[in-house]
Amino acid sequence: PRDLTLPGSPSNHSNHPSVLVIEDEEGIRFGIRAACLQLNLPVELTATGEAGIQLFRDRLRSGHPFDITILDINLRGNLNGIEVFHEIRRLIPDATIVATSGQYSEPEIKAYESLGFSGFLPKPFSIEEFKDVLRRLAVPA
């Protein structure tokens with residue numbers, strides 16, 4: 001097994017990058033968790049932007065920040081996905097963040113890319129689509 005180095009991942013010290021999932025839909029959240037576990041990727045889940053940012057900060061303070069964040073763009077609650085994206089990028093400017101949404105258009109996907117998102121997963125997505133995004137991020141899947 002080789003060591004992986006992902007952009008924005010100073011903690012990447014093994015070949016199993018850690019994943020933070022910030023997703024308000026329980027079924028999607030647990031589906032991503034199952035996919036991560038199938039791929040031997042450590043994963044933590046949260047349903048709100050506020051909780052996701054706090055978890056991200058806690059892991060950063062511990063010296064083991066998340067390597068990849070899967071972020072729902074249309075989060076319900078006080079913070080939407082774009083606001084969460086900006087806060088995570090304030091903490092780690094080149095953090096690897098993948099946007100996900102069930103409501104999107106091609107121009108919106110391009111706008112996410114221009115903001116600096118590392119990838120996009122249209123909901124609902126298959127395990128193969130999830131693996132494809134991970135492969136583009138240099139994660140063996």
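1. Leaving aside neighbours within four places in sequence, Leu 41 is in contact with His 16, Pro 17, Val 19, Cys 36, Leu 134 and Val 139; contact here means heavy atoms within 4.5 Å. This is a predicted model, in which local features need pLDDT of at least 70 and side-chain atom pairs count only at pLDDT 80 or more, while totals for chains, interfaces and linings use all residues. Residues are numbered from 1 along each chain as its sequence is written, and side-chain values use heavy atoms, with hydrogens and water left out.

2. Where does Leu 41 lie? Leu 41 is placed in the loop between helix H1 (26–38) and strand S2 (43–46). Helices (H or I, at least four residues) and strands (E, at least two) are DSSP runs, numbered from the N terminus. Leu 41 counts as buried because its relative accessibility is 3%; buried means under 20% relative accessible area, exposed over 50%, and partly exposed in between (1.4 Å probe, protein chains only).

3. Leu 41 and Ser 18 are separated by 23 residues in sequence, and their C-alpha atoms are 5.9 Å apart in space. Ser 18 belongs to the segment before strand S1 (19–22). With a relative accessible area of 6%, Ser 18 is buried. If residues up to four places away in sequence are not counted, Ser 18 touches Pro 42, Arg 59, Pro 65, Phe 66, Asp 67 and Ile 68.

4. The sheet may be considered next. It is an open sheet of five strands in the order S2-S1-S3-S4-S5, with parallel pairing. The edge strands are S2 and S5, each of which pairs on one side only. From one strand to the next, the twist averages 20°. Two strands pair if DSSP finds at least two bridges between them. Strands of a sheet pair through backbone hydrogen bonds, either parallel or antiparallel.

5. Why is strand S4 (residues 97–101) described as largely enclosed by the rest of the structure? Five of the five residues of S4 are buried, so the strand is largely enclosed in that sense. Ile 97, Ala 99 and Ser 101 point one way from S4, whereas Val 98 and Thr 100 point the other way, and all are buried.

6. S4 has partners in S3 and S5. Strand S3 (residues 68–72) runs parallel to S4 and is joined to S4 by four bridges; Thr 69 has Ile 97 of S4 as its bridge partner. Strand S5 (residues 119–122) also runs parallel to S4, again with four bridges. Val 98 has Gly 119 of S5 as its bridge partner, and Ser 101 stands opposite Pro 122 in S5.

7. S3, helix H3 (residues 81–91) and S4 make a right-handed β-α-β unit, and S4, helix H4 (residues 106–115) and S5 make a right-handed β-α-β unit. A crossover is right-handed if, with the strands pointing away from the viewer, the path from the first strand over the helix to the second runs clockwise.

8. Helix H5 (residues 127–136) lies across S3, S4 and S5 and runs at about 180° to S5. Axes are lines fitted to C-alpha atoms, for helices over the stretch in contact, and angles run from 0 to 180 degrees between N-to-C directions.

9. Which residues of H3 are buried? They are Gly 81, Val 84, Phe 85, Glu 87, Ile 88 and Arg 89. These buried residues pack against S1, helix H2 (49–61), S3, S4 and H4. At the start of H3, a side-chain oxygen of Asn 80 reaches to within 2.9 Å of the backbone nitrogen of Ile 82.

10. Aromatic rings form a further topic. Rings of Phe, Tyr and Trp (its six-membered ring) pair if their centres lie within 6.5 Å; planes under 30 degrees apart count as stacked, over 60 as edge-to-face and the rest as tilted. By this rule there are six aromatic pairs. Tyr 104 and Phe 120 form an edge-to-face pair, 5.1 Å centre to centre with 65° between the planes. Tyr 104 lies in the loop between S4 and H4 and Phe 120 in strand S5, so the pair ties together parts that are 16 residues apart in sequence.

11. Tyr 104 counts as partly exposed at 37% relative accessibility, whereas Phe 120 is buried, with a relative accessible area of 12%. The rings of Tyr 112 and Phe 120 are stacked because their centres are 5.8 Å apart and their planes are at 20°. Ring pairs link Phe 85, Tyr 104, Tyr 112, Phe 117 and Phe 120 into a cluster.

Methods
A polar contact is a pair of N or O atoms within 3.5 Å; within protein, one must be able to donate a hydrogen and the other to accept it, and residues adjacent in sequence count only if both atoms are side-chain atoms.
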